[in-house]
2 protein chains.
Amino acid sequence: MSNTRRALVVILDGLGDRPIAALGGKTPLEFARTPTLDRIAREGVTGLMDPLAPGVRVGTDVGHLALFGYNPMRVYWGRGPIEAAGVGIALRAGDVAFRANFATLNDAGVVVDRRAGRIREGTEELAAALDKMRLSDGTEVVFRAATEHRAVLVLRGERLSPLVTDSDPGPLHEGERPRPIRARVAGSSAAERTAAAATEFSIRAHHILKEHPVNRRRIERGLPPANYVLLRGAGIKRPMRSLAERFNIQGACIAGESTIVGIARMTGFDVVKKPTFTANLDTDVEGKAAAAKEALNNHHLVVVHYKGTDIASHDGLVDQKVAYIERVDRALAPLFEAAKKDGFYIAITSDHSTPCQLREHSADPVPVALFGPDVLTDDVECFGERWCMRGGLGRITANAFLLTVLDYIGATYRFGS
Amino acid sequence: MSNTRRALVVILDGLGDRPIAALGGKTPLEFARTPTLDRIAREGVTGLMDPLAPGVRVGTDVGHLALFGYNPMRVYWGRGPIEAAGVGIALRAGDVAFRANFATLNDAGVVVDRRAGRIREGTEELAAALDKMRLSDGTEVVFRAATEHRAVLVLRGERLSPLVTDSDPGPLHEGERPRPIRARVAGSSAAERTAAAATEFSIRAHHILKEHPVNRRRIERGLPPANYVLLRGAGIKRPMRSLAERFNIQGACIAGESTIVGIARMTGFDVVKKPTFTANLDTDVEGKAAAAKEALNNHHLVVVHYKGTDIASHDGLVDQKVAYIERVDRALAPLFEAAKKDGFYIAITSDHSTPCQLREHSADPVPVALFGPDVLTDDVECFGERWCMRGGLGRITANAFLLTVLDYIGATYRFGS
């Protein structure tokens with residue numbers, strides 16, 4: 001690597017929040033004791049960041065595509081292809097990829113648990129029992145387990161279309177039947193064919209899964225069986241030039257969530273995974289920080305992703321969000337010291353806000369901070385949604401924030417001569 | 001309405017201004033006593049808003065299209081179609097609509113008053129005398145009176161084009177003759193045909209109007225006769241999906257000005273009109289506020305439009321602008337109390353700045369504020385151009401401001417999953 005400047009980008013998923021009465025009107029981030037984040041803000045520059053634009057509410061996938069420097073309007077077509085990249089499936093032209101959940105159906109055909117009790121064990125075996133299924137119209141099935149209850153289905157065949165609806169009824173509709181998978185557009189024989197193939201897969205998967213030894217054991221142990229596969233987010237792969245190639249840098253990503261891993265792989269980043277790096281509150285926060293530090297030895301840009309903030313927010317767990325932020329803050333302390341000593345940059349950011357009271361993503365901008373050599377500092381003393389309103393970066397987009405970081409490490413190109 | 005969150009958007013047309021020596025270097029808004037607007041700013045979040053982008057100066061029509069969530073670059077082609085919607089004309093494909101003014105021509109053919117003394121009475125009769133005229137090339141005329149001296153001309157026929165110039169010489173050229181209407185592009189037979197049709201209409205309208213009993217009575221009473229129709233803003237209708245449909249909300253608009261009524265109708269809003277709701281300084285400020293409160297009972301988004309600020313600015317009436325702002329502020333006091341009690345949002349905004357000394361729109365951004373449940377507040381204490389420079393929303397566009405309001409009432413869609 002000819003360029004010696006480096007940057008660490010820390011993503012706290014769903015970090016942004018709104019005032020919470022139980023916290024004295026503060027947000028979880030404002031309330032949390034975060035001496036390291038505060039020092040990064042104080043000795044660096046801060047601002048507010050919109051994933052795409054003010055008022056535009058995004059999902060984790062779109063938010064991360066923007067953080068990784070892409071225009072989601074151009075490269076995004078469904079979550080499925082990202083999840084497929086996350087589990088290492090190389091999508092071919094014509095493949096349609098779905099995000100899948102192992103779920104629990106009761107005898108009446110009702111979804112009683114969309115996540116089969118957040119099943120963690122035996123999903124590889126269950127997936128193997130579905131993989132390579134051949135459907136009646138000749139379509140091939142590729143099926144892989146992902147994190148916990150998550151999985152990926154790829155339909156591979158001729159004349160398939162991503163324009164089909166989800167069978168997943170969504171978190172607000174547990175206790176209902178899976179939705180019928182239908183063509184999203186009338187008169188598209190490819191979409192109708194794909195809906196029929198996905199439906200046939202769902203039925204046959206249910207028959208295979210409900211008799212599977214893994215599920216028999218789960219029932220014996222009083223656990224909800226993973227006897228159904230809910231599908232959503234059908235999509236196709238769109239052409240993307242890797243960030244590494246666009247900016248001639250080596251990137252590394254430390255993440256537990258398959259979505260982030262998928263995006264990192266699609267964008268040409270090396271992925272550092274460990275079984276203890278989960279996409280949950282129980283992740284090895286300190287281990288990820290240590291892995292990030294190590295990755296800085298041979299990468300220009302290292303992204304470390306923490307999911308716990310978003311998990312706590314979706315479940316409305318204010319105290320856990322506060323505690324998780326404080327734990328990440330502690331884990332970042334040695335990295336901050338190393339950054340001061342070794343002269344690398346640290347950027348703190350997020351993919352979107354997830355207010356605990358809303359339990360859903362919102363369009364609120366997220367606070368960001370950038371610390372490192374020669375950064376033009378502002379007078380913001382603490383890291384938080386409202387403090388960063390006065391930040392020197394102003395209000396910028398995720399693409400702009402990444403470019404700013406890349407510019408500090410000398411990776412941008414000059415437009416003009 | 002499944003969604004119970006509501007928002008009231010208050011538009012003070014042409015609110016933004018520049019420092020005025022007579023006000024001790026303050027702007028009219030900074031100078032005015034506005035306890036309610038200040039509380040909205042103090043207990044909410046503020047910012048600066050550009051209708052389209054910094055430095056881009058817009059008209060009332062374009063500013064409002066942006067405030068209603070549209071990209072004027074895509075949906076706007078001339079003021080005529082908006083005015084046509086405002087008076088309830090359903091434009092057909094191929095129709096060319098003009099904004100029209102009743103004006104006073106003297107015997108020498110010079111425009112002595114572009115607004116025929118701001119005529120208010122008898123315009124319906126005058127319009128009826130011109131409506132349904134059939135021009136020599138077969139083109140049909142649709143003519144309707146609008147607010148005061150304003151009217152709408154629609155040319156309906158074959159191969160017409162909006163690419164024609166205005167006959168209105170504009171406010172700086174009173175005392176000159178009407179301009180000849182010409183094709184804006186050389187070699188367009190449709191534009192030449194349209195220019196000829198509009199010219200024939202103008203001549204025949206003059207002959208009809210100057211002998212009309214309404215004008216005979218005006219002359220007897222020493223009032224300038226409305227004996228000519230000045231044309232400007234030729235345009236055609238472009239496809240627009242209604243805001244109601246795009247965001248699955250019910251919207252209502254309280255306005256006196258036909259432009260705003262036209263845009264509200266084009267965007268699928270219910271329009272609440274009363275004869276006392278004018279587009280002038282004499283409007284029923286309190287009645288509009290009361291109508292807005294009532295509309296919140298069965299609409300998610302209620303827009304109330306106050307034109308007086310812009311009217312005073314165009315006439316350079318600083319004191320009247322200050323007094324009008326203070327009157328609107330008083331009318332908003334009970335709405336602010338209701339918002340605190342009932343939990344709806346209040347947004348304060350404008351379509352553009354109109355500095356009194358300039359007597360014209362400027363590209364200065366306008367101050368905005370948003371108050372309501374869970375809004376992340378900033379430390380701005382008063383509502384005004386310079387106070388809002390430090391606002392927590394930063395500097396955003398009108399589209400972004402509307403989306404932010406829509407996100408707080410839960411009406412936005414998530415892009416990505």
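Two residues are in contact if their C-beta atoms, placed from the backbone, lie within 7 Å. By that criterion, the contact between the chains takes 27 residues from chain A and 16 residues from chain B. The model is predicted, so local features need pLDDT of at least 70 and side-chain atom pairs count only at pLDDT 80 or more, whereas totals for chains, interfaces and linings use all residues. Residues are numbered from 1 along each chain as its sequence is written, while chains are lettered from A and ligands numbered from 1 in the order in which they are written.

On the side of chain A that touches chain B, β3 (57–58) and α3 (60–67) of chain A each supply at least two residues; helices (H or I, at least four residues) and strands (E, at least two) are DSSP runs, numbered from the N terminus. This side of chain A has twelve nonpolar, seven polar and eight charged residues, where Ala, Val, Leu, Ile, Met, Phe, Trp, Tyr, Cys and Pro count as nonpolar, Asp, Glu, Lys and Arg as charged, and the others, Gly among them, as polar. Strand pairing also links the chains: two bridges join β3(A) to strand β14 (residues 414–415) of chain B, and the two strands run parallel. Two strands pair if DSSP finds at least two bridges between them. Within this pairing, V58(A) stands opposite F415(B).

Within chain B, eight strands form an open sheet of mixed pairing, in the order β9-β8-β10-β1-β11-β12-β2-β13. The edges are held by β9 (270–272) and β13 (395–397) of chain B, each with a single partner strand, so one side of each is left without a neighbour in the sheet. From one strand to the next the twist averages 25°.

Helix α14 (residues 398–408) of chain B lies across β1 (7–12), β2, β11 (345–349), β12 (366–371) and β13 of chain B, running at about 90° to β13(B). Axes are lines fitted to C-alpha atoms, for helices over the stretch in contact, and angles run from 0 to 180 degrees between N-to-C directions. Eleven of the eleven residues of α14(B) are buried, among them F401(B), L403(B) and D407(B). A residue is buried if 20 or more other C-beta atoms lie within 10 Å of its own, exposed if 12 or fewer, and partly exposed in between. Just after α14(B), G410(B) takes a positive phi of about 75°.

Another strand pair of chain B joins β3 (residues 96–105) to β7 (residues 228–235). Six bridges connect these antiparallel strands, and F102(B) has V229(B) as its bridge partner. Seven of the eight residues of β7(B) are buried, so this strand is largely enclosed by the rest of the structure. R150(B), in strand β6 (residues 150–156) of chain B, is likewise buried, with 23 other C-beta atoms within 10 Å. R150(B) touches N101(B) and S258(B), not counting residues up to four places away in sequence.

Finally, helices α11 (residues 285–295) and α13 (residues 318–342) of chain B pack at an angle of about 20°, with their axes 9 Å apart. The two helices are therefore roughly parallel, a term for angles under 35 degrees. Residues making the contact include A289(B) and A292(B) of α11(B) and V328(B) and L335(B) of α13(B). By class, the contact has eight nonpolar, no polar and three charged residues.

Note on methods:
Angles under 35 degrees count as roughly parallel, over 145 as roughly antiparallel, 65 to 115 as roughly perpendicular and the rest as oblique.
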